[in-house]
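Please view the sequence and the model first, then read the points grouped by topic.

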Amino acid sequence: MSFHSHIKPGDYLTLSGGIAFTVWITFAVWSGGIADTALIRSGGKVFREVPLSRDQQIEVPGPLGTSIITIEKRKARISSDPSPRQYCVRQGWLQQAGEIAICLPNEVSVELTGGAKKYDSLNY
Amino acid sequence: MRIEASSDDHTSAHINEMRGKSPRPSNPNPKSSILLDTTPEDHHIARMTAVALGLTVLENAIPSPLPGVKPGLANIITLIVLARYGWRAAAWVSLLRVLAGSLLFGNFLAPGFFLSLSGAACSLAVLALSLHLPQRWFGPVTDSILAAFAHIAGQMAIVYLWLIPHSGIAYLIPVFATAALVFGTVNGLIAASFMDKTKTAPDDARERSKEYEK
């Protein structure tokens with residue numbers, strides 16, 4: 001059975017338009033914003049807001065001890081934390097805007113921000 | 001629509017009326033308690049809605065990977081009604097299908113109902129516009145794709161404004177857009193091939209549409 005006979009020329013136009021729109025919106029939504037700032041919170045308050053452009057290590061005090069946040073090559077991670085299960089350390093490098101690593105026991109978090117969009121995996 | 005308490009001698013009159021052969025009877029059955037005057041168009045719309053409902057039930061048996069990603073088979077009926085009987089009849093069939101479908105599945109006035117309603121309303125709005133595209137170049141496939149995108153747009157609007165007011169749902173847009181593209185195209189092709197096949201067949205539907213104008 002041939003479907004071509006049922007398609008009019010303009011339908012191909014609509015179909016290509018639909019494909020272009022779908023591809024465009026997929027890239028627009030899923031590529032994520034480019035992160036330029038790391039927002040470090042401690043005990044629910046903003047501790048520091050640092051640009052990702054400069055490599056550095058930041059020590060953040062919390063109720064259990066000191067968490068160490070490393071910023072390197074426009075990426076950020078929590079490299080050391082006194083929390084017992086080390087979830088935030090094992091999460092590894094954060095690169096895209098909206099990504100976040102949270103050490104609940106030590107009440108320290110790092111969130112990458114930048115661009116206009118701010119999505120995060122918690123509210124997903 | 002007619003709701004009757006008894007059914008015996010008026011059955012044949014009822015069937016004739018459904019076929020649109022007889023003028024509407026004033027009151028064929030004096031025993032009947034509630035009688036609403038109906039036109040052949042009403043019956044036709046009801047029948048089309050019933051077919052659309054059948055497809056909705058069929059579709060609900062198909063497992064879906066994500067809520068909201070459905071083929072929307074009932075829209076094939078909407079497309080056919082649109083092409084043959086115009087926008088008004090299509091709107092009736094589409095909205096009645098949403099209402100009756102929600103009663104059938106027990107989600108009347110539940111979030112799912114409003115999602116369907118919003119999707120259907122947006123689709124109909126877009127179809128009203130796409131009807132004005134030149135018929136020579138654009139067929140049911142175009143209508144279907146445009147309506148499918150309008151459908152997800154309407155649903156996403158409800159989801160965002162009411163159910164999940166968070167920009168995180170934007171992550172799902174590519175999934176829904178892809179589904180709209182694929183299912184919109186497939187439904188449009190089905191509708192187009194059905195109409196091409198039945199174009200030359202003796203079409204009592206066409207006669208009926210003439211009858212509307214009387």
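Two residues are in contact if their C-beta atoms, placed from the backbone, lie within 7 Å. The model described here is predicted. The points below concern a helix pair in chain B and a sheet in chain A.

**Helix pair in chain B**
- The axes of helix H3 (residues 74-85) of chain B and helix H7 (residues 173-197) of chain B come within 9 Å and cross at roughly 45°.
- H3(B) is therefore oblique to H7(B).
- The two helices, H3(B) and H7(B), cross in a right-handed manner.
- On the side of H3(B), the contact involves B:Asn75, B:Ile76, B:Leu79, B:Ile80 and B:Ala83.
- H7(B) contributes B:Asn187, B:Gly188, B:Ile190, B:Ala191, B:Phe194 and B:Met195.
- Sorted by class, the contact of H3(B) with H7(B) has 8 nonpolar, 3 polar and no charged residues.

**Overall make-up of chain A**
- Chain A has 2 helices and 7 strands, arranged from the N terminus as α-β-β-β-β-β-α-β-β.
- Of the 124 residues in chain A, 27% are buried.
- Among contacts in chain A between residues at least 6 apart in sequence, 38% link residues at least 24 apart.

**Sheet in chain A**
- Strand S2 (45-51) and strand S6 (100-103) of chain A are the edge strands, each pairing on one side only.
- Neighbouring strands of this sheet are turned against each other by 15° on average, direction ignored.
- S6(A) pairs with strand S7 (residues 108-113) of chain A in the antiparallel sense over 4 bridges.
- Opposite A:Glu111 in S7(A) stands A:Ile100.

Conventions:
Residues are numbered from 1 along each chain as its sequence is written. Chains are lettered from A and ligands numbered from 1 in the order in which they are written. This is a predicted model: local features need pLDDT of at least 70, side-chain atom pairs count only at pLDDT 80 or more; totals for chains, interfaces and linings use all residues. A residue is buried if 20 or more other C-beta atoms lie within 10 Å of its own, exposed if 12 or fewer, and partly exposed in between; C-beta atoms are placed from the backbone. Axes are lines fitted to C-alpha atoms, for helices over the stretch in contact, and angles run from 0 to 180 degrees between N-to-C directions. Angles under 35 degrees count as roughly parallel, over 145 as roughly antiparallel, 65 to 115 as roughly perpendicular and the rest as oblique. A crossing is left-handed if the near helix is turned anticlockwise from the far one by less than a right angle, and right-handed if clockwise. Ala, Val, Leu, Ile, Met, Phe, Trp, Tyr, Cys and Pro count as nonpolar, Asp, Glu, Lys and Arg as charged, and the others, Gly among them, as polar. Two strands pair if DSSP finds at least two bridges between them.
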